[in-house]
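Here is a short report on one protein model. Look at the fold before reading on.

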Amino acid sequence: MSSEDAAPAAPESTTRRQWFDHSPVLRSAESRGESLDQVLDRNLGELLQELRVAFTGVQILFAFLLSLAFTQRFASLGPFDIAVYTVALLSTALATVVLIAPVPIHRIVFRRRQKIALVVLGDRLLMGGLALLIPAIGSAVLLILDVVLGRWQAIAGCSVTTLVALLTWYALPLAIRFSGDGTAPVQHHLRSARHPDA
């Protein structure tokens, strides 16, 4: 096989390796004095806690939207409200599916030493699920306020809700991340040197 034949495969494998790059995990383990497995276990535990918080909100919203279609007042909604309801229902359903996805991934890769892949995919799916929650919550607010108060109040309420979600869920964390504020100094833990019995 010539080097020209092998060239196209390199970018794909490089991209795949970068996606599941374990060097950040190794750096974290080294700086915290943990093993690779301890860091991955801790990361997975934190991820599961975050998924529980997000999923509780999605469950409540999804149950409300599903039950709404069976109320008497639903039949009197106009085309605008039906369209908003459809957006709310679909984005909530998609958020539910995406936020549940780490569970079957964990079952399928269970005991195959692929916890890095699980943590990386879980992280990306959680971010995707949160992104889907913004239109879900915004359109639910738009629908309810349109029925209760009127169109312009509904648009104002939806806009404020969406803006606050974008600022607190994305803009603020990204600003902190890129500024580097609050970064703890890197400390190299040498447990065996400090505690010979450990």
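Among contacts between residues at least 6 apart in sequence, what percentage join residues at least 24 apart? In the protein chain, 73% of such contacts do. Contact here means heavy atoms within 4.5 Å.

## Basis of the model

The model is predicted: local features need pLDDT of at least 70, side-chain atom pairs count only at pLDDT 80 or more, and totals for chains, interfaces and linings use all residues. Residues are numbered from 1 along each chain as its sequence is written, and side-chain values use heavy atoms, with hydrogens and water left out.

## Overall make-up

The protein chain has 9 helices and 0 strands. Its pattern along the sequence is α-α-α-α-α-α-α-α-α. Helices (H or I, at least four residues) and strands (E, at least two) are DSSP runs, numbered from the N terminus.

The chain has 198 residues, and 26% of them are buried. Buried means under 20% relative accessible area, exposed over 50%, and partly exposed in between (1.4 Å probe, protein chains only). The accessible surface of the chain is about 13300 Å². Carbon and sulfur atoms account for 65% of that surface. Areas come from the Shrake-Rupley method with a 1.4 Å probe; for residues, only the protein chains shown count as cover.

## The largest nonpolar core

The largest nonpolar core holds 29 residues. Such a core is a set of buried Ala, Val, Leu, Ile, Met, Phe, Trp, Tyr and Cys residues joined through side-chain atoms within 4.5 Å. Y85, L99, L126 and L143 touch the most other members. The largest share, 10 residues, comes from α7.

Y85 has its own set of partners. Leaving aside residues up to four places away in sequence, Y85 touches L65, L66, L68, A69, F74 and L143.

## Helix α7 and its end

Helix α7 has 34 residues. From first C-alpha to last, α7 reaches 48 Å, close to the 50 Å expected at 1.5 Å a residue. The expected span is 1.5 Å times one less than the number of residues. Just after α7, G150 takes a positive phi of about 135 degrees.

How many salt bridges does the structure hold? The structure holds 1 salt bridge. R151 pairs with D146 in a salt bridge, with the closest N and O atoms 2.9 Å apart. The criterion is a side-chain nitrogen of Lys or Arg within 4 Å of a carboxyl oxygen of Asp or Glu. D146 counts as buried because its relative accessibility is 10%. R151 is partly exposed, at 41% relative accessible area.

## A nonpolar surface patch

F64, I144, V148 and L149 make a nonpolar surface patch of about 350 Å². Patches take residues with over 30% relative accessible area and no salt bridge; like charges are joined within 9 Å, and nonpolar side chains (Val, Leu, Ile, Met, Phe, Trp, Tyr) within 5 Å. I144 sits in helix α7. Its relative accessibility is 32%, so I144 counts as partly exposed.

## Pairs separated in sequence

L166 lies in helix α8. At 40% relative accessibility, L166 is partly exposed. L166 and I134 are 32 residues apart in sequence, with their C-alpha atoms 7.7 Å apart in space. Not counting residues up to four places away in sequence, L166 touches I134 and A171.

E50 is placed in helix α4. E50 is partly exposed, with a relative accessible area of 44%. E50 and L126 are 76 residues apart along the chain, and 8.2 Å separates their C-alpha atoms. R124 belongs to helix α7. R124 counts as partly exposed, at 37% relative accessibility. R124 and P102 are 22 residues apart in sequence and 9.8 Å apart in space, C-alpha to C-alpha.
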